[in-house]
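The entries below follow the order in which I looked things up.

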Amino acid sequence: MDGRSTPTTAKAEDAGRTGPAAGAGGSGWSMWASELTLLLRRRRTWAMLVALAAIPVLIAVVVKVSADPVQPGQGPPFLDRVTQNGLFVSITALVVTIPLFLPLTVGVVAGDAVAGEAGLGTLRYLLLAPVRRGRLLLIKFAGIAMFCVLATAVIVTAGSVIGALLFPVDPVPLLSGDTIGAWEALGRALLVGAFVSVSMLGLGAVGLFISTLTVVPVGAMAATVVVAIVMQVLGALDQLAWLHPWLLNYYWMDFADLLRQPIAWGSFADSALLQAGYVAVFGALAYGRFATKDVLS
């Protein structure tokens, strides 16, 4: 499914891929580029990106061909604004994908980061060269972070393109009642995409930690997705209101402040701070596990 037909072939490919980059003289940039290349070579990655891109297209087409206009309060947030301006297609698509589809794809990438290499036996090739385990773990997380950016960028791009083709794009009404031009609105959509990308980093760190615990990538992927689902279930229980601000998904939907005039940056800063805490805690746990893990036997 991801382009590695047999363990023997995968070992040979990854051994060649990490030869000079993983050596003592290899730079962090070359290792990161190698990791990104490996991620983008996988058919699974492209299948997930195509599926994410299809969501805004589907939303736009359904709204366009629908005989009855969407009324305020019907469907996902911002859906009723799509007919007013096509740039809201990407915002609506993000709202739809955040609860399940984005965490699912991030969980797949994060869960496979270390467990996939260990399961195939290629992790030992990476560590036979004198490369520090902490450095390798940082490279793995950088690849996960890049996928978070890429996934949200695909949704925003596909939504903006199909929205511009099917609906008017200028002027754009904001939630505060002000209107802005199409180019400024596109910048706001990119800001929302950046907000969502940052919001997924904590889940990526959790998945990376889980990935160091097993050599079964499917198990690590499933466990990461389960964590995201459990967090959202806990967030829906009013009895646990004291716990909600500590859940990694607490700010996932709080990007509406970026669609006001002037922009309120508080929710973005709070979300980034919360995700940074998860990255620090689970990054440390991942390093503690990975630094003592026997991968060469």
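I started at Phe 78, which sits in the loop between helix H3 (43-65) and helix H4 (88-97). I looked up phi of Phe 78 and found it near 75°, a positive value in a residue other than glycine. Most residues other than glycine have a negative phi. Is Phe 78 buried or exposed? I get a relative accessible area of 11% for Phe 78, so I note the residue as buried, the cut-off being under 20%.

The model is predicted, so I checked pLDDT next. The chain averages 84, and 84% of the residues score at least 70. By element, the mean is lowest in helix H1 (residues 7-17), at 41, and highest in helix H9 (residues 201-211), at 96. I also noted that pLDDT is below 50 over residues 1-25, and that this stretch has 41 contacts in the model beyond near neighbours in sequence.

I went through the peptide bonds and noted the one from Gln 261 to Pro 262, which is cis, with omega near 0°. Most peptide bonds are trans. Pro 262 is placed in the loop between helix H10 (217-235) and helix H11 (266-291).

How many salt bridges does the structure hold? I count five.

The side chains of Glu 35 and Lys 140 meet at 3.1 Å, N to O. Glu 35 is in helix H2 (residues 28-41) and Lys 140 in helix H7 (residues 133-166), 105 residues apart, and the pair links distant parts of the chain. Glu 35 counts as buried at 12% relative accessibility, and Lys 140 is buried with a relative accessible area of 3%.

Asp 112 and Arg 42 form a salt bridge through their side chains at 3.0 Å, N to O. Asp 112 lies in helix H5 and Arg 42 in the loop between H2 and H3, so the pair ties together parts that are 70 residues apart in sequence. I have both Asp 112 and Arg 42 down as buried.

For Arg 260 and Asp 257, the closest N and O atoms of the salt bridge are 3.4 Å apart. Arg 260 is partly exposed, with a relative accessible area of 33%. Asp 257 also counts as partly exposed, at 25% relative accessibility. I then looked for shared partners and found that salt bridges join Arg 42, Arg 44 and Asp 112 into one network.

Which residues form a nonpolar patch on the surface? I listed Leu 100, Phe 101, Leu 104, Ile 229, Val 233 and Leu 237, with about 480 Å² of accessible area together. Helix H5 (101-120) and H10 are the elements that give two or more residues to the patch. Leu 237 is in the loop between H10 and H11, and is partly exposed at a relative accessible area of 36%.

Helix H8 (residues 182-199) has 18 residues. From first C-alpha to last it reaches 26 Å, close to the 26 Å expected at 1.5 Å a residue. I noted the buried residues of H8, among them Ala 185, Arg 188, Ala 189, Val 192, Phe 195 and Val 196. An α-helix has 3.6 residues a turn, so residues three or four places apart point the same way.

Definitions and conventions
Residues numbered from 1 in each chain as written. Predicted model: local features only at pLDDT ≥ 70, side-chain atom pairs only at ≥ 80, totals over all residues. Heavy atoms only, no water. Helix = DSSP H or I, 4+ residues; strand = E, 2+ residues; numbered from the N terminus. Expected span 1.5 Å × (residues − 1). Buried < 20%, exposed > 50% of the residue type's maximum accessible area, 1.4 Å probe, protein only. pLDDT = per-residue confidence, 0-100. Contact = heavy atoms within 4.5 Å. Patch = residues over 30% accessible without salt bridge, like charges linked within 9 Å, V, L, I, M, F, W, Y side chains within 5 Å. Areas by Shrake-Rupley, 256 points an atom, 1.4 Å probe, with all protein chains shown as cover. Salt bridge = Lys/Arg side-chain N within 4 Å of Asp/Glu carboxyl O.
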